Amino acid sequence: MKYNIVIVGVGGQGTLLASKILGGIALSQGLDVKVSEIHGMAQRGGSVITHVRMGDEVFAPLVSPGEADYILAFEWLEALRSEYFLKEDGLLIANTQRIMPMPVILGDAPYPEQEAAVKCLCMDAYHMACEAGSARSVNMVLLGVLSKFLPFEQEVWEETIEKIVPPKTLDTNYRAFRAGRDIAHKQGANV
Amino acid sequence: MKKIMLGNEAIARGAYEAGVTVVSSYPGTPSTEITEAAATYPEMLCEWATNEKVAVETAYGASMMGARAMSCMKHVGVNVAADPLFTAAYTGVNGGLVIVCADDPAMHSSQNEQDTRQIARASHIPMLEPADSQEAKDMMILAYQISESYDTPVFVRITTRLAHQRSPVELGERLQVVPKEYKKDISKYVMMPGMARKRHVMVEERENRLRLDADSMPENRVEMRDKSMGVVCGGVVYHYVREALPNASVLKLGLTYPLPEKMIRDFAGQVDSLYVIEELEGVIERDIAAMGISVRGKDLTGLQGELSVERIRSLFGLGKTINTADLPARPPVLCPGCPHRASFYAMKKLKLTVFGDIGCYTLGALKPLNGLDASLCMGASIGMAFGAEKTKGKDFSRSAVAVIGDSTFLHSGIPSLINAIYNGGTITVVLLDNRITAMTGHQQNAGMGFDIYSHQTKEVDFVQLCETLGARAREVDPMNVRAMTTALKEELAYEGVSVIVAKSPCALIIPKHDPVRVEGCRNCGICLQIGCPAILKAEGGIEIDDSLCTGCGVCSQLCPHHALIDAPAKEEMV
C-alpha cells in the first residue's frame, strides 16, 4: 500500500490539521509516513501546500509532480494551481470556495474561470462546514470525502480525529466529516 | 512507543531524553517549534531570550555550571549569536552545549539563503545533520555525548524540510544526567590572549581527534549498491537521493563537520564516479576536492533553492516535463484586521520614506500599500534611517521613518536607537507594538509581560524606556487613522529622535467583531487602497467577504461616503 496526498489551500484555512490527522491514521495502521508542512510567512494568507506520504517505506517527505493519488484542495484557485501534482488516474477533491488573492483584488489579474483539467470531485465545503457548525471545519468535510477512497474504516478516522481536535469541537468536526462522507457517497458514482 | 513528530518536536524530545535542563532560544522560522515543544517538558527550564546572542550566552552559562543546555535559532540568528559561539569553541563546555540552527533553503520564510555549514567550519564547531524525525531525536543525544567527550559546543543543523516534516519516532527514556561539578579555571573560561592562544591549540587537536573518530561513527555509513555511481549526501537530501537514484551507492553523512576522511577516500575508491548532492553551498564538495579526490556536484545542482526528488532525477536525465498552469499568484498578505495595515496607510498618505524591519510588517512592502523602502535584517531599520539622515540631511528625516516591531525592537533595535540619540539624530521611529511576536506564530516577549509559560513577568514600558534613553516618545492606537496621522506629523516635525509606539494587538489574538456592512457604495475605490483581503471589488462597487472580515473598522474610517458600517460592538472590544 502506498498513498501520496497533496493538501493545498490558503494560509489560515486549517490545512495543517488535516495533514496531522492523516499522519496519525497512517501511524495507527502501522504504516511508515512522512508529512511535509509549510509554516511561517506563507501562513499569512499565501498559498500553502502540505504533502502526506504513507506506505511500507517512505523516503522523501515531498510528493513529486505527477505522483499524487489525491489532492485535497481547500480553495478553487489553489486546486487549479496544484493539478500538476496529480497522477494520471488520481483524483482532485476540491472545495469550490473562492478566496481572492491580492493580484485579483487589485485588478491585476482575473480570478480564473476554468474547470479542472483533471478528474475532480468538487463541492461547496465551506457551506457544508458552516452547516455542520463551524466554517473552520472545511478540513473535516474534505477528509470525510477522502475517507471514502482510502482503505481505512470510519472508526479509525473518527478515533484519530478525536485524539487530535480540541474536545469541545469534536461534535462539529464529526458532523462535518460525516457530511463529507455522505457527499462522496452521493457524487462518488460520477467519478 | 512510536509517535509521529514534527522534526522540531523530535529535536525537543531528543533534548529531553538527553537530560537537558536549560533551553534558551529566540523564535525564528523554521526553528520556533523546537523551543515551544521543549517548554511542554517540565524537566527543562525554557525561555524566549531577547535575541540569539543572549540565548547562546544563557545556555553557555548553564553549561559552564554543569547542566546540559540547548539554544535554538534560525540560520540568520546564528549570525547574531556568532560572537559568543566563536569563542565558546575555544573555551569548550562543562555540561553539554548544543546549538540547533535551522537553515531555510528556498527562503520559505527568510531574507537570505545562507548555509550554516560554513559557520561550523569557520568556528570549528562540529555539526550533525539528521535526515528525519527519528534521526533528529537520536542525534540530539549523540550531540551531547560529542559535546562532553570532545569539550566543544555542537551544532545540530536542520533545514525547513526537516523541521516541518512529521515522521514516526520511537520514544526513549530520559537519561539521568548528573550535573557536572563547576571548578574555577581561568585558563579555560577567561579568554584573554594568553589563555586563548593555548585553547586555540586545543581546538585544533580536538578537531583532528573527532575527524579520525568520524570514520567509525555509525551515523556516517556507506550503502553499496551499483558501483558506477557514488553519492555523498546528508540531511533530508539523503531521502531525495534514495528515491531519485535508488541504485546509486550512497555515503550518508550524519556528522557533516568534520568529515570522515578515510571513509570518503575508501568510498571514492570503490565507485566509478563520485558526486556530492547538497543544497545551497558546495561545502562538502569543496572539502572532498581539497582531499585531492575527483568529485562533482555544484556544477549540476547550482547554489540556489531546495533540492527534491524531481530535481535530482532531472539532473541525471530521469525527470519528466511538468506543465504548470499560468495562474494569478497568491503572495502572503497582512491579515484582515491587522493593525500594521492602518499604520502603513497613514504613512503612505504622508508619502514617507520607510525603513523597514523583520516581522509581519515586512508584508507592508507589497502592493497596494507599497509601504517599505528597505528591509535588511533584525533591528536594522533604525540604523538605516539614521544613516540616511547622515547622507540626505535632517530635512530628509522630516519625511522618513523607521518601522520596527515590538519583539524586533527588543531583539536589536535598542542599541541603534541609543546610537541615533547619542549621535544627534532627528529620526522618527514607529514601534509597531502588536503585543506579541507574531510572524513566527505568536511567541511571548518582554514587551507583553508574559514568559514562554504564559506566566506574568515584568513588562517593558516602551514609552518610558525610550524616554529614559533620551527620545521623545508617545503611544498611539494605529487603528485610529486620524490619531496616527496626527502623531506622525507632529513627531516628524520634532528636532530630535522621537518614537511613536503604535500599540494595537495582532488581529489573530483578539476576538473578531461582526463584519463591516456595505450600504450605498459609490465605487470610489478608496477602501481598496489598503489591500485588505476581505474587501473585494464587485460589480458597481465593493463587497465584504464576511468569512474574512474582522470588523476592525479601518476601512469605514476611510470611506468618504460612510458606506462601510461597523458593527456597534467595536468600542467595547478593544
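This is a predicted model: local features need pLDDT of at least 70, side-chain atom pairs count only at pLDDT 80 or more; totals for chains, interfaces and linings use all residues.
Student: Where is the place of Pro30(B)?

Tutor: Residues are numbered from 1 along each chain as its sequence is written, while chains are lettered from A and ligands numbered from 1 in the order in which they are written. Helices (H or I, at least four residues) and strands (E, at least two) are DSSP runs, numbered from the N terminus. Pro30(B) belongs to the loop between S2 and H2 of chain B.

Student: What is omega for the peptide bond from Thr29(B) to Pro30(B)?

Tutor: Look at the bond that leads from Thr29(B) into Pro30(B). That bond is cis, and its omega is near 10 degrees.

Student: Which loop holds Pro368(B)?

Tutor: Pro368(B) is joined to Lys367(B) by a cis peptide bond, with omega about 0 degrees. Its place is the loop between strand S14 (353-355) and helix H17 (380-392) of chain B.

Student: Which residues of strand S2 of chain B point the other way from Val22(B) and Ser24(B)?

Tutor: In a regular strand the side chains alternate between the two faces of the sheet. Strand S2 covers residues 22-25 of chain B, and the four named here are buried (20 or more other C-beta atoms, placed from the backbone, within 10 Å of their own; exposed means 12 or fewer, partly exposed in between). Val22(B) and Ser24(B) point one way, and the other way point Val23(B) and Ser25(B).

Student: Over how many bridges do S2(B) and strand S3 of chain B pair?

Tutor: Two strands pair if DSSP finds at least two bridges between them. Val22(B) stands opposite Leu45(B) in S3(B). S2(B) and S3(B), residues 45-48, run in the parallel sense, and their bridges number four.

Student: What is the hand of the crossover from S2(B) to S3(B)?

Tutor: The chain passes through helix H2 (residues 32-38) of chain B on its way from S2(B) to S3(B). The hand is called right if, with the strands pointing away from the viewer, the path from the first strand over the helix to the second runs clockwise. This β-α-β crossover is right-handed.

Student: What is the bridge partner of Val23(B) in S4(B)?

Tutor: S2(B) also pairs with strand S4 (residues 69-74) of chain B, in the parallel sense over two bridges. Within S4(B), the partner of Val23(B) is Met70(B).

Student: Is Asp151(B) buried or partly exposed?

Tutor: Asp151(B) sits in the loop between helix H7 (133-149) and strand S7 (154-159) of chain B. Its phi is positive, about 55 degrees, although Asp151(B) is not a glycine. Because 17 other C-beta atoms lie within 10 Å, Asp151(B) is partly exposed.

Student: Is Leu280(B) buried or exposed?

Tutor: Leu280(B) lies in the loop between S13 and helix H13 (283-290) of chain B. Phi is near 65 degrees, a positive value in a residue other than glycine. Because Leu280(B) has 25 C-beta neighbours inside 10 Å, it counts as buried.

Student: How many residues of the side of chain B that touches chain A are nonpolar, polar and charged?

Tutor: Chain B brings 44 residues to the contact and chain A brings 43 residues. Ala, Val, Leu, Ile, Met, Phe, Trp, Tyr, Cys and Pro count as nonpolar, Asp, Glu, Lys and Arg as charged, and the others, Gly among them, as polar. On the side of chain B, the classes are 21 nonpolar, 13 polar and 10 charged.

Student: Which residue of S8(B) is the bridge partner of Val35(A)?

Tutor: Strand S2 (residues 32-36) of chain A and S8(B) run antiparallel and are joined by two bridges. In S8(B), Val35(A) has as its partner Arg166(B).

Technical notes
Two residues are in contact if their C-beta atoms, placed from the backbone, lie within 7 Å.
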